[in-house]
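Morning, everyone. Have a look at the structure, and then I'll walk you through some pairs.

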Amino acid sequence: MSSTTQKNSRVSVEERLFSLVLALIATEIGLTKADILSTVQGYRQRYLPGGDNSSLERQFERDKDDIRELGIPLEVVEPPDDPGSNHHLRYRIPKGLYELPMDVVFSPDELMLLKLAATVWREGSLSAESRRAMTKLHALGIDSSDPVLGYSPSLRVREASFEPLSKAMDRGQVVAFLYLKPGEAAARRRQVEPRAMVLHDGRWHLFGTDQDAAATRTYLLSRIVGPVVTVPGASFEAHGEGQGQTALSELEALWIANVAVISARPGSDAALRLAKRHAPGEIPANADASALHLNYTDLNVLADELAGYGPEVLVHSPALLRAAVRSRLISVRDAHTDSDSDVNPHPDASTEAGA
Amino acid sequence: MIGGQALGASDKLTFLLALVPFLMDHDRISVTEVSEHFGVAPDRVRDAVNLIAVSGIPGETRQYLHGDLFDIHWDEFEANDVIVLTHLVAIDDSPRFSAREAAALIAGLQYLSSLPENADVDAIASLMAKLTRSASAAPSQVAVSGTDARSSITVVQAAVRDGVQIEFDYLNARGEHERRLVDPWRIQSVDSDWYLRGWCHLREAARTFRLDRMSDLHATDVPTSLRSADAGPSESLFEGSASDLDVTVELPTSAVPLLADYAPHGAAGAPGDRVRRTLRVAHFHGLKRLVSGLAGVVEVVAPADARVVVRDWAAAGAARYDEAEPTDVGK
């Protein structure tokens with residue numbers, strides 16, 4: 001083999017990044033930017049000694065960010081004799097922080113479970129991140145136990161706001177978005193420090209500090225209208241671990257506290273499905289046999305769901321939920337009623353079940 | 001800007017960084033074995049090995065001399081498709097997880113923790129702690145609440161494992177109860193909804209069933225048929241059939257993802273930021289439930305009989321509130 005890798009062909013992105021990581025791990029004292037640009041594979045081919053290397057410098061800045069996004073601790077060291085000097089900053093990757101800790105061992109069963117956990121995300125950044133995490137785990141050479149047969153679990157992230165919000169959260173950036181609360185005529189701008197993204201009761205929520213209210217708030221991602229933007233120059237210190245659990249506990253407490261009482265027509269889809277969600281606990285003495293208790297976090301979300309059951313469900317309480325379901329059904333009815341058609345305002349609902 | 005580089009470069013770099021320590025631990029290993037272990041195509045392994053073998057550090061001379069580079073046993077690689085690392089540079093262990101990588105796996109585990117197999121809370125917690133310790137920064141705050149796993153999951157999963165048919169009473173979207181005999185293939189979930197995918201002996205076709213529409217479920221001792229294995233489980237949860245009906249709906253652009261399950265197509269323009277999409281449905285009974293649950297968002301435009309089905313459903317629902325007084329909880 002030739003002793004150098006000097007090539008005429010363009011160096012691929014992964015070769016340049018790989019060479020940069022190797023060079024920065026191999027150095028104890030760190031490399032200056034000039035060292036890197038002039039010597040590291042992928043940069044040196046384009047480096048102009050004494051010339052204008054500004055586009056190469058920008059390339060290096062992007063590469064640094066990309067490498068850090070992969071969890072590689074790329075450090076900047078200020079020279080002790082010349083603090084504050086940009087020219088003599090040194091870059092390195094401390095090996096001890098780069099490597100998986102020696103004492104962390106994964107069993108074959110654990111690996112099998114992690115493989116399944118990684119498949120939960122089918123799309124978006126969480127899917128790419130799970131895939132890369134598994135690649136790193138495979139480096140350990142553990143063979144996983146046989147997979148549990150017959151499972152194909154998946155979680156979706158359908159809201160376009162998820163990616164910008166979670167990115168801003170990781171970078172400690174303040175975001176702004178328009179939020180449409182049900183019952184309010186127009187969406188209102190919110191400026192928020194994102195603390196956690198949580199999936200509860202099948203819905204994605206943002207938990208964060210509302211800067212106007214100076215208090216934490218939980219937002220349904222489905223109610224964010226329009227784009228999420230980062231507020232220039234506004235950043236915040238990470239709020240630390242446990243934010244996600246805090247948000248989930250708050251939602252769980254809300255879910256338990258809110259109870260709707262409904263009846264479902266016996267034998268119907270609603271009766272079968274909602275009965276399986278019937279909240280344990282006391283049933284009021286005056287409730288009939290078909291009455292069901294449903295916990296909920298958000299009245300309007302539950303109203304949407306119950307309206308879908310049409311005549312199979314009758315809401316008894318709370319009154320607000322009852323009104324919300326009724327007005328939804330009326331709005332659907334009216335939107336699908338043609339002015340010239342012959343409408344029976346009270347169709348025989350019982351025929352629906354056997355239709 | 002960030003991440004704007006050729007998509008996949010991050011994946012390729014991660015693979016290179018993971019492959020080196022793996023090869024170090026295996027003195028001689030075939031490309032096939034590596035490709036199976038990492039779950040990647042053999043050509044990706046060969047490309048990576050070709051790159052690793054000529055990579056290294058600038059070294060004291062800053063010239064990438066031979067001793068500064070990785071090296072492999074080229075004859076073994078080229079003649080036998082076997083990888084033997086003969087010289088190592090700079091790295092010898094797998095990189096840590098990023099904050100987001102650890103978070104993605106932890107959130108996936110939180111979701112799986114509701115499955116009956118994973119009822120061991122301590123084992124899951126210990127695994128999450130290991131992931132946290134293996135990340136280079138505190139995992140991102142992405143959390144997922146467990147869903148209410150149903151006892152039916154246990155029955156179905158055992159039947160998949162044992163290769164036996166299951167039998168249950170199923171209420172379809174038309175409101176009909178039918179006894180079904182099914183070769184279970186797998187339990188699929190989408191968020192908090194759980195489904196069984198399998199071969200339905202009544203319909204003699206692959207079908208997807210909602211677990212929450214099943215009742216009186218039990219496993220039989222009849223082995224699943226060979227025929228169903230031939231049909232092979234497809235990845236998709238729902239599939240169209242020739243008898244499907246086209247329905248045109250109008251909705252805000254932002255709401256289109258809500259209908260993703262119905263594979264909306266067509267970009268026929270509509271005034272303002274509302275768009276029209278065509279959905280394929282097996283019948284209108286699922287549609288009336290879908291549309292009534294999206295009041296003020298989705299409107300069925302055509303055909304006229306679909307509009308009538310939706311209207312009658314919503315009207316019948318609304319009419320129930322004319323009959324009953326709000327206060328008579330007990331009726």
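One term before we start. Partly exposed means a relative accessible area between the buried limit, under 20%, and the exposed limit, over 50%. So B:Arg276, at 32%, counts as partly exposed. Keep in mind that this is a predicted model.

Who is the partner of B:Arg276 in a salt bridge? B:Glu250, with the closest N and O atoms 3.0 Å apart. B:Glu250 sits in strand β11 of chain B, and B:Arg276 in strand β12. They are 26 residues apart, so to speak a link between distant parts of the chain. B:Glu250 is buried, at 14%.

Next, pairs between chains. A:Glu14 and B:Lys12 meet in a salt bridge, 3.8 Å from N to O. A:Glu14 lies in helix α1 of chain A and B:Lys12 in helix α1 of chain B, so this pair joins two chains. A:Glu14 is buried, at 16%. B:Lys12 is partly exposed, at 40%.

Now B:Arg307 and A:Asp338. Their side chains form a salt bridge at 2.7 Å, N to O. This pair also crosses between chains: B:Arg307 is in helix α10 of chain B, while A:Asp338 is in the loop between α11 and α12 of chain A. Buried or partly exposed, for B:Arg307? Buried, because its relative accessibility is 7%, under the 20% limit. A:Asp338 is partly exposed, at 31%.

Some salt bridges link up into a network. Its members include A:Asp269, A:Arg273, B:Asp193 and B:Arg210.

And the total? Over all chains, the search finds 43 salt bridges.

Notes. Residues are numbered from 1 along each chain as its sequence is written. Chains are lettered from A and ligands numbered from 1 in the order in which they are written. This is a predicted model: local features need pLDDT of at least 70, side-chain atom pairs count only at pLDDT 80 or more; totals for chains, interfaces and linings use all residues. Side-chain values use heavy atoms; hydrogens and water are left out. A salt bridge is a side-chain nitrogen of Lys or Arg within 4 Å of a carboxyl oxygen of Asp or Glu. Helices (H or I, at least four residues) and strands (E, at least two) are DSSP runs, numbered from the N terminus. Buried means under 20% relative accessible area, exposed over 50%, partly exposed in between (1.4 Å probe, protein chains only).
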